[in-house]
Amino acid sequence: MKERIQLDHLSEASGVSKRTLGYLFLHTYGITPMAFVKQERLKKARMLLQHADPSTATVTSIARECGFTHMGQFSLDYKRLLGELPSTTLRRPHKHDTSPDIQ
């Protein structure tokens, strides 16, 4: 998920206009296509943080792996969506399942 996904790419891949794609996402998910992409990246970051070794992994390296470049914004968005700081997730004892436990 490191590559920068843009609305033009999503529109082209789906075969519908940007406007139609935006409408469909708002109607289906209640958010814009780009907000959906960010949400999915945050979910991936959470899963990686949950399963990382806190003695060797860093929040920054995992955030970058998921395509985030601004760490302050990443931390704010992560806390807003997931209810805790990414560093808290990293320090929490490991889980053995691989699915993020958010909707």
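This is a predicted model: local features need pLDDT of at least 70, side-chain atom pairs count only at pLDDT 80 or more; totals for chains, interfaces and linings use all residues.
Me: Where does Ser11 sit, and what does Ser11 touch beyond its neighbours in sequence?

Reply: Ser11 belongs to helix H1, residues 7–14. With neighbours within four places set aside, Ser11 is in contact with Val16, Ser17, Lys18 and Leu21.

Me: How do you know whether Ser11 is buried or exposed?

Reply: Look at the relative accessible area, which is 12% for Ser11. Buried means under 20%, so Ser11 is buried.

Me: And Gly22, buried or exposed?

Reply: Gly22 has 14% relative accessibility, and the limit is 20%, so Gly22 counts as buried too. Gly22 lies in helix H2, residues 18–29.

Me: On to the helix pairs. Why are H3 and H5 described by the word they get for their orientation to each other?

Reply: The axes of H3 (residues 33–51) and H5 (residues 71–82) cross at roughly 90° and come within 10 Å. Angles from 65 to 115 degrees count as roughly perpendicular, and therefore H3 and H5 get that label.

Me: Which residues meet there, and how do they divide by type?

Reply: From H3 come Lys38, Gln39, Leu42, Ala45, Arg46 and Leu49, and they meet Phe74, Asp77, Tyr78, Leu81 and Leu82 of H5. That contact divides into seven nonpolar residues, one polar and three charged.

Me: How many aromatic pairs does the structure hold? And what makes Phe68 and Phe74 a pair, and of which kind?

Reply: There are five aromatic pairs. For Phe68 and Phe74, the ring centres are 4.8 Å apart, and the cut-off is 6.5 Å, so they pair.

Me: What about Phe74 and Tyr78?

Reply: Phe74 and Tyr78 form a tilted pair, with 5.7 Å from centre to centre and 50° between the planes. Both lie in helix H5, four residues apart, about one turn of the helix.

Me: How do you know whether Phe68, Phe74 and Tyr78 are buried or exposed?

Reply: Set each value against the 20% limit. Phe68 is at 11% and counts as buried. Phe74, at 1%, is buried, and Tyr78, at 0%, counts as buried as well.

Me: Which residues do ring pairs link into a cluster?

Reply: Phe25, Tyr29 and Phe36 are linked that way.

Me: What does Leu48 touch?

Reply: Leu48, in helix H3, touches Ile62, Glu65 and Cys66, leaving out residues up to four places away in sequence. Its C-alpha is separated by 9.6 Å from that of Val59, 11 residues apart along the chain.

Me: Zooming out, how many helices and strands does the protein have?

Reply: Six helices and zero strands, so from the N terminus the elements read α-α-α-α-α-α. Of the 103 residues, 29% are buried. Among contacts with a separation of 6 or more, 59% are between residues 24 or more positions apart.

Technical notes: Residues are numbered from 1 along each chain as its sequence is written. Side-chain values use heavy atoms; hydrogens and water are left out. Helices (H or I, at least four residues) and strands (E, at least two) are DSSP runs, numbered from the N terminus. Buried means under 20% relative accessible area, exposed over 50%, partly exposed in between (1.4 Å probe, protein chains only). Contact means heavy atoms within 4.5 Å. Axes are lines fitted to C-alpha atoms, for helices over the stretch in contact, and angles run from 0 to 180 degrees between N-to-C directions. Angles under 35 degrees count as roughly parallel, over 145 as roughly antiparallel, 65 to 115 as roughly perpendicular and the rest as oblique. Ala, Val, Leu, Ile, Met, Phe, Trp, Tyr, Cys and Pro count as nonpolar, Asp, Glu, Lys and Arg as charged, and the others, Gly among them, as polar. Rings of Phe, Tyr and Trp (its six-membered ring) pair if their centres lie within 6.5 Å; planes under 30 degrees apart count as stacked, over 60 as edge-to-face and the rest as tilted.
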